[in-house]
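Hi everyone, thanks for making time today. Let me put the model up on the screen, and then we can walk through a few places in it together.

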Amino acid sequence: MDLFSSLAMGLQVAVTPVNLLYCLMGVTLGTAIGVLPGVGPIITISLLLPLTFGLTPEASIIMLAGIFYGAAYGGSTTSILVNLPGEASSAVTCIDGHQMARQGRAGAALAVAALGSFFAGTVGTLMIALAGPPLAAIAMRFGAAEYAALVFVALLSTAAMTRGGVVKGIGVALLGMVFGTAGSDVSTGLFRFTFGIPELRDGVEFAVLAVGLFAVAEIIGNIGEPQGQAVSSSKIGRLWPTRDDFRRSWPAVLRGTGLGALLGVLPGAGLAMSSFTAYMVEKSASKEPERFGKGAVEGVAAPEAANNAASQTAFIPTLLLGVPGSPTMALMLGAFMIHGVQPGPRMMGDHPQLFWGLIVSMWIGNLLLVVLNLPLIGLWVRLLRVPYHWLYVFVLAFACVGVFTLSSSAFDIYSLVFFGVLGYLLKAAGCNPALFILGFILGPMFEENFRRAMTLSRGDPMVFLERPISLTLVLIGVAVLAATTTSFVRRGRAEATD
């Protein structure tokens, strides 16, 4: 089936009334949580996972994906209007976006952010469609050794690039791998890490773990925090950018899109690093760098294009290799597995409607976001006036009901509390609990492929160094680890996440 026939099939799936409705719900929720600081797509996706059991795989994945890339849009609104980034990836937009707002040009900044994001999202979606067939053909050549090495690189890269330190990152990922391998051993049938608890014989329920680790932990962490921050927004002014804005913006959008699309594919880079890098590159390339920080429209266009391109291409390793490059993508992979779909090189052949339907829905979702963001700016800003203690009560009730409906078991509620406390303790210790999820998802995959490779090689570990692809991947992992220990990269990573 050629590309156009595949896209036509995807269009038929994406424009069904049900899938369009869930796409709209996803991008609307994504925009809302992008506006609200501290909520984020990880918490929202984990919270909604239990509720997707009754949906079709297409509707479920389309909605969750819409939340992810919709959050990248929503964060720019509050960054520009109230100098308050809803998402880490939008923090750098505050620098020039809010300066434009203070000069009475908030409308132009918002329009440039929305149009640049739409262009970047379209390019990112197109890249997934174009990269899909050739990358899947390459991935079909992967054996157990290559997959084990690929998971090794993904885990190591993400742990190394996450704030908190390489040692802490690897430690949290290993802890997640232990929980991920709890239950029955697929080779021997013996139970492990169950501690005599019958409910753990089938392993830890992913949805319960995700909700507890992010939603409940966030609530525990915010108990006692001062609330009621005053929010005052700037006047929006003229919405359509001037000719000079367009002239200055389009090269920045092109460069930001290219950088974001590249960094989105890399494990551990994330949206925040893509927007930060795009801003720094744009400032370095400018003939008037002194304009940055004082309302330069390029300082809005480049990072917004970068984080939206990255949010699209982040799906490439997840969909085509079955290896998530970020914690949010690990949640998405978990959502696929909940519906009995295993992403990877065979996904296009085994589930073509889901694969191509998701890709086309991403473009439709990006179009909906442009329509949603500009006319409804006032509504999004008013969301910031909702007291957070109301929001958290709603989230906690939603989490408990959602988890209990999975199997009507009180054990799931106890597990929810356990993982909530665990997530809070990890954050209090300066560790990133998102790595726990990544280890939980990738741990069983690494174990299965590592054991298979060792069995086929009769126990010879040199199998990972004798095969060219696995050797290359192992060397990449070691190089990333060495690079991230340098002071330059550590400083850049900290600035990107701050």
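Let's start at N19, which counts as buried because its relative accessibility is 6%, and buried here means under 20% relative accessible area, exposed over 50%, partly exposed in between, with a 1.4 Å probe and protein chains only. Before I go on, the source notes: this is a predicted model, where local features need pLDDT of at least 70 and side-chain atom pairs count only at pLDDT 80 or more, while totals for chains, interfaces and linings use all residues. Residues are numbered from 1 along each chain as its sequence is written, and side-chain values use heavy atoms, with hydrogens and water left out.

Back to N19, then. You'll find N19 in helix α2, residues 17-35; helices are DSSP runs of H or I with at least four residues, strands are runs of E with at least two, and both are numbered from the N terminus. What does the side chain of N19 have at 2.7 Å from one of its polar atoms? That would be the backbone oxygen of V13. Beyond its neighbours within four places in sequence, N19 is in contact with V13, A14, E58, A59 and I62, contact meaning heavy atoms within 4.5 Å.

A59 comes up again with T56, whose side chain reaches the backbone nitrogen of A59 at 3.2 Å. T56 sits in the loop between α3 (40-48) and α4, and is partly exposed, with a relative accessible area of 41%. In sequence, T56 and H339 are 283 residues apart, yet their C-alpha atoms are 8.0 Å apart in space.

Now for the middle of things. The largest nonpolar core has 103 residues; by nonpolar core I mean a set of buried Ala, Val, Leu, Ile, Met, Phe, Trp, Tyr and Cys residues joined through side-chain atoms within 4.5 Å. Which members touch the most others? They are L64, F315, L319, L331 and I437. Helix α4, residues 57-82, gives the most to this core, with twelve residues. Apart from that core lies another, of 24 residues, including L110, V112, A261 and L374. As for L319, leaving out residues up to four places away in sequence, its partners are I128, F336, P343, G344, M347, F355 and L358.

Next, a helix pair. The axes of α5 (residues 93-102) and α6 (residues 106-139) come within 7 Å and cross at roughly 145°; these axes are lines fitted to C-alpha atoms over the stretch in contact, with angles from 0 to 180 degrees between N-to-C directions. On the α5 side, G97, M100 and A101 meet A106, A108 and A109 of α6.

Also in α6 is I138, which is partly exposed at 43% relative accessible area.

Finally, the whole protein. Its secondary structure comes to 23 helices and two strands. Of the 498 residues, 56% count as buried. Of the contacts with a separation of 6 or more, 78% are between residues 24 or more positions apart.

Note on methods: Polar contact = N/O pair within 3.5 Å; in protein donor to acceptor, adjacent residues only side chain to side chain.
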